[in-house]
Amino acid sequence: MESIITLKNVSKEFKVLNRHEGIKGGFQDLFSRDYKIIKAVNDISMDIMPGEICGYLGPNGAGKSTTIKMMTGVLEPTSGEILVNGRIPYKNRTENAQNIGVVFGQRSQLWWALPLIESFKLLRDIYQIEEKDFKDMMELYESLVDIKELYSKPVRQMSLGQRTLSDILAAFLHNPGVVFLDEPTIGLDVSMKSKIRDLIKALNHEKKTTVILTTHDMGDVDALCKRIVIIDKGIMLYDNSIENLRSFFGAYRTLRLRFAKDASQLTKEALKKQAAELAGDLKNVYPQAKSIGVSAGEEWVDVLLNEDEIALMKVLNHIQETRRIYDVQLKEISTESVIKKIYDKEIE
Amino acid sequence: MKKKVRKYLTLLRVGILEEMQFRLGAVTKLFGNIIYLIIIYFLWKAIFAGAPTEVVNGMTFEDTMIYLVLASALFYTMEMYVTWDMGRRIKSGDIVVDLLRPMGYIKFQVLSLSGNTIVSAVTSLLPTMLIVYLITGGGFALSYNLLFFAAAIMIGTVLNYFINFFVGTICFYTESIWGINIMKEVIVLLLSGASIPLAFFPETLQKVVYYLPFQAIYNTPLKLLIDNSLSVQSRIGMLGGQLFWTVVVGCISYAFFRISVRRITVNGG
């Protein structure tokens with residue numbers, strides 16, 4: 001199959017003025033030619049196939065949005081090649097825009113003062129959507145979410161969740177080949193998040209739309225993506241399926257423990273203290289287990305360990321000998337902790 | 001082709017719809033305008049009272065008032081706040097949404113904003129003209145000059161847009177718009193003849209002003225409406241001049257925008 005998005009050795013550099021401190025420094029800056037080059041994206045290559053939902057992950061400032069902006073044609077790469085729908089995005093920005101949809105979680109493309117249905121009709125006209133296709137799409141939307149009741153509501157009066165939902169629908173309206181979703185679930189409550197995930201999944205399924213999703217919410221990733229690409233400081237760290245990632249960490253287990261009868265009474269500080277004590281203890285006893293990690297979760301103390309280094313039962317035995325355990329759970333490693341490990345550069 | 005036309009008309013329509021959403025805004029505009037008119041009435045009354053003759057620089061008090069009242073109505077109609085809007089959206093990074101519309105940024109903006117202008121023309125310019133006409137008992141002719149006036153407003157609106165747009169583009173470099181925009185407003189209001197009729201300018205300045213694009217925004221339409229002594233030929237010439245400036249400023253603004261948009265760093269996440 002032909003790929004729908006191709007990135008080949010793409011880099012993006014920004015020239016930034018070296019700022020000085022204070023008022024005196026501010027005056028210096030007015031005449032300064034002291035620039036430094038920041039590599040926001042460094043030599044990234046990937047191919048995205050039609051119909052994929054690809055998670056594009058990385059910590060804040062990793063270069064995710066910069067990559068998205070290059071793929072949409074807003075930014076021009078410093079070097080390398082990008083093709084989206086067979087076009088070079090920054091050279092044909094407006095034509096490219098006809099065939100992509102974009103949602104930026106914190107910005108809206110809807111007409112703020114107007115009822116939602118006016119925005120949709122307007123998009124129908126400016127994307128030159130056939131009346132029949134438009135009707136079909138609206139019917140599909142109405143079957144997926146309760147959008148009808150929002151039609152007459154001006155966008156400025158909508159809640160963030162309603163607005164995001166509407167923005168996603170607007171991005172799919174002209175049935176584009178690719179939709180870019182830049183942190184679509186940011187700031188939303190749990191039920192809205194799941195609503196939006198279901199919607200994205202359904203639209204991807206119905207229309208075979210390729211979706212590029214950036215997010216910090218591992219729930220989004222688990223619910224939607226089969227493939228993930230991880231970048232940090234502009235460099236690509238990982239590009240493969242989630243299963244592969246999980247199997248890579250197959251020997252990792254999370255042991256969840258409670259050391260108090262009523263854990264809900266414990267403060268965060270107390271939990272943290274427990275975790276820190278346990279971490280020190282385990283480090284002394286099992287110096288060979290390098291990847292062992294202890295963290296304080298919601299009412300639980302989590303111990304993450306690699307069974308290739310140390311048997312889980314051994315650790316549990318040791319803990320039980322030294323302190324009273326009220327409750328225990330055993331879990332597979334979560335996507336969240338895997339990705340955290342990658343961000344923290346704990347694995348090569 | 002039909003679709004293209006609909007694409008453009010729909011944007012005009014949305015501008016009209018948007019403007020009508022803000023009823024209170026229209027009322028405050030009207031109120032602000034009335035206060036402004038009271039001030040200029042007394043100001044110019046004092047100026048004419050201090051003058052030795054009834055006619056100053058070829059204009060009577062009544063001529064001046066007709067000119068200034070219509071100029072202010074025209075200003076409220078044609079003012080678009082493009083610069084503020086662009087500056088704000090560049091600063092917040094929201095400009096990225098505008099850049100991803102499936103049509104050119106300039107075309108998109110000009111069309112959406114023209115909708116607002118149409119609403120203002122109907123709600124503020126037309127009533128003002130009617131009132132002026134009734135009070136002065138025919139302060140301007142009701143003839144083909146109205147056609148020239150209408151055409152000149154349309155061209156002037158686009159010219160005004162391009163000037164605003166040029167200044168807005170500067171924001172890509174400065175990331176701040178306040179100072180530049182204030183400067184632009186002062187220059188445009190003064191040199192376009194919107195705050196003082198050009199006839200009151202010193203002769204050298206008048207000459208300079210006629211070689212600048214600003215007077216084509218407000219002075220040209222107003223002259224075409226009020227000045228009965230103009231021949232049809234010179235009226236067409238004035239429209240031509242307006243068109244000339246619109247094309248020149250439009251090309252410069254467009255080129256400037258194209259260059260600037262290539263080197264942008266879109267703000268925020």
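A nonpolar surface patch of about 490 Å² is formed in the predicted model by B:L30, B:I34, B:I38, B:Y41 and B:F42. Patches consist of residues with over 30% relative accessible area and no salt bridge, in which like charges are joined within 9 Å and nonpolar side chains (Val, Leu, Ile, Met, Phe, Trp, Tyr) within 5 Å. B:I38 counts as partly exposed because its relative accessibility is 45%; buried denotes under 20% relative accessible area, exposed over 50%, and partly exposed the range in between (1.4 Å probe, protein chains only).

Residues are numbered from 1 along each chain as its sequence is written, and chains are lettered from A and ligands numbered from 1 in the order in which they are written. In this predicted model local features need pLDDT of at least 70 and side-chain atom pairs count only at pLDDT 80 or more, whereas totals for chains, interfaces and linings use all residues; side-chain values use heavy atoms, with hydrogens and water left out.

Chain B contains 11 helices and zero strands, where helices (H or I, at least four residues) and strands (E, at least two) are DSSP runs numbered from the N terminus. The radius of gyration of chain B is 20 Å, close to the 18 Å given by the globule rule for 269 residues, so chain B is as compact as a globular protein of that length. The radius is taken over C-alpha atoms, and the rule is 2.2 Å times the number of residues to the power 0.38. Along the principal axes, the C-alpha atoms of chain B fill a box of roughly 65 × 40 × 40 Å. Buried residues account for 46% of the 269 residues of chain B. Of the contacts in chain B with a separation of 6 or more, 76% are between residues 24 or more positions apart, a contact being heavy atoms within 4.5 Å. The accessible surface of chain B is about 13300 Å², with 72% belonging to carbon and sulfur atoms.

Chain A has 12 helices and 13 strands. Its C-alpha trace spans about 70 × 55 × 50 Å along the principal axes, and 51% of the 348 residues in chain A are buried. Among contacts in chain A between residues at least 6 apart in sequence, those joining residues at least 24 apart make up 72%. The accessible surface of chain A is about 17000 Å², with 48% belonging to carbon and sulfur atoms.

The contact between the chains involves 32 residues from chain B and 34 residues from chain A. Together the two chains bury about 3000 Å², 57% of it on carbon and sulfur atoms; buried area is the accessible area (1.4 Å probe) that two parts lose on being put together, summed over both. Of the area that chain B buries against chain A, 22% is supplied by B:K3, B:L100 and B:P102, more than by any other three residues.

Three salt bridges were counted between chain B and chain A, a salt bridge being a side-chain nitrogen of Lys or Arg within 4 Å of a carboxyl oxygen of Asp or Glu. In one salt bridge, B:R13 pairs with A:E118, with the closest N and O atoms 3.1 Å apart. A salt bridge also connects the side chains of A:D125 and B:R6 (3.1 Å, N to O). This pair joins two chains, because A:D125 lies in helix α4 (residues 116-126) of chain A and B:R6 in helix α1 (residues 2-21) of chain B. A:D125 is buried, with a relative accessible area of 6%, while B:R6 is partly exposed at 36%. A:D125 and B:R6 are linked with A:R124 and A:E131 in a network of salt bridges.

Over all chains, the whole structure holds 20 salt bridges. Within chain A, the side chains of A:K39 and A:E13 form a salt bridge (3.8 Å, N to O). The pair links distant parts of the chain, with A:K39 in strand β2 (residues 35-48) and A:E13 in strand β1 (residues 5-17), 26 residues apart. A:K39 is partly exposed, with a relative accessible area of 39%, and A:E13 is partly exposed at 30%. Within chain B, a salt bridge joins the side chains of B:D227 and B:K223 (3.8 Å, N to O). B:D227 is partly exposed at 22% relative accessibility, and B:K223 is partly exposed with a relative accessible area of 28%.

Conventions. Accessible areas come from the Shrake-Rupley method with a 1.4 Å probe; for residues, only the protein chains shown count as cover.
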